Amino acid sequence: MEGGRHSSEILIAQMQSYSKFERPWDIKYIEGTHTLKTWWTCAITKDNFIQAVALKITSLTPHNVSCERIFSILGWFCNKRRTKLNINRLEIMPKLHSYYVTNAQTELKHMHHEKISENQIDNIIHSIQYNENEELDEIEEFEDEEINETNETNESNNSINNDLINFNDYFNFSSEQFCKAMEMNVSVVIEQEPEILHGDLNFDNNELLNNILN
């Protein structure tokens, strides 16, 4: 994480304080209310290196199942029948699919209360298969409409560019007052975050730990 010897020493000290439940890491973790992210973001201290490390570690997924699942979904979306999908639409569709699959119990509550027989399920599947071609036709028609709207927008923009107002007919840009106004220096001050002194970047982690802990 591009840290140095000095910032690593601070990190080790913070980890020692954390292990002893010292402030600000003495906040009680409430199951069902807190998440790892909210708990760590509430623990605020100067040069909060331990927070950055903890958030990075807890954001890592220890497997690639979700990635493989997304690739599988994209493979189904990008078959020969759906080659006209643009990138934005293709990005949104698997997000919606993953969200509703993950949150099926909360988003599709009625499915858990109603008892559906096997015959009803078969009828639903056959209905989906029957309507699939109609759905594809509607998608192609909708995408053709999007292309036509894009072309109309481009033509409209070209028309606007051709009909630009000649401001020289209304304003005197060569006047003395205007030239003086254009010569004014305008400075914008952007506050920068304080620089963190990481120290020497070339150091031995094991040697540093032995020096501090032993």
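A residue is called buried when its relative accessible area is under 20%, exposed when that area is over 50%, and partly exposed in between, with a 1.4 Å probe and protein chains only. At 6% relative accessibility, Gln14 therefore counts as buried. The structure is a predicted model, in which local features need pLDDT of at least 70 and side-chain atom pairs count only at pLDDT 80 or more, while totals for chains, interfaces and linings use all residues. Residues are numbered from 1 along each chain as its sequence is written, and side-chain values use heavy atoms, with hydrogens and water left out.

The chain comprises 10 helices and zero strands, where helices (H or I, at least four residues) and strands (E, at least two) are DSSP runs numbered from the N terminus. Of its 214 residues, 13% are buried. With contact meaning heavy atoms within 4.5 Å, 58% of the contacts between residues at least 6 apart in sequence join residues at least 24 apart.

Gln14 belongs to helix α1. Setting aside residues up to four places away in sequence, Gln14 touches Trp25, Thr45, Lys46, Asp47, Asn48, Phe49 and Ile50. A polar atom of the Gln14 side chain lies 3.5 Å from the backbone oxygen of Lys46; a polar contact is a pair of N or O atoms within 3.5 Å, where, within protein, one must be able to donate a hydrogen and the other to accept it, and residues adjacent in sequence count only if both atoms are side-chain atoms.

Ser7 also lies in α1, which spans residues 5-19. Ser7 is buried, with a relative accessible area of 5%. A polar atom of its side chain is 2.8 Å from the backbone nitrogen of Gly4. Beyond its neighbours within four places in sequence, Ser7 is in contact with Phe49, Leu197 and His198.

Phe49 leads on to helix α3 (residues 49-58), in which Phe49, Ile50, Gln51 and Ala54 are buried. The buried residues of α3 pack against α1 and α2 (36-42). At the start of α3, a side-chain oxygen of Asn48 comes to within 3.4 Å of the backbone nitrogen of Gln51.

A nonpolar core is a set of buried Ala, Val, Leu, Ile, Met, Phe, Trp, Tyr and Cys residues joined through side-chain atoms within 4.5 Å. The largest such core has six residues, namely Trp25, Trp39, Trp40, Ala43, Ile50 and Ala54. Helices α2 and α3 are the elements that give two or more residues to this core.

Two helix pairs remain to be described. The axes of α1 and helix α10 (residues 205-213) come within 11 Å and cross at roughly 50 degrees, which makes α1 oblique to α10. Axes here are lines fitted to C-alpha atoms, for helices over the stretch in contact, and angles run from 0 to 180 degrees between N-to-C directions; those under 35 degrees count as roughly parallel, over 145 as roughly antiparallel, 65 to 115 as roughly perpendicular and the rest as oblique. Across this pair, Arg5, Ser8, Glu9, Ile12 and Gln16 of α1 meet Leu208, Leu209, Asn211, Ile212 and Leu213 of α10.

For helix α4 (residues 65-77) and helix α5 (residues 87-102), the axes come within 10 Å and cross at roughly 125 degrees, so α4 and α5 are oblique to each other. Their contact is made by Ile70, Ile73, Leu74 and Phe77 of α4 with Leu90, Met93, Pro94, His97 and Ser98 of α5.
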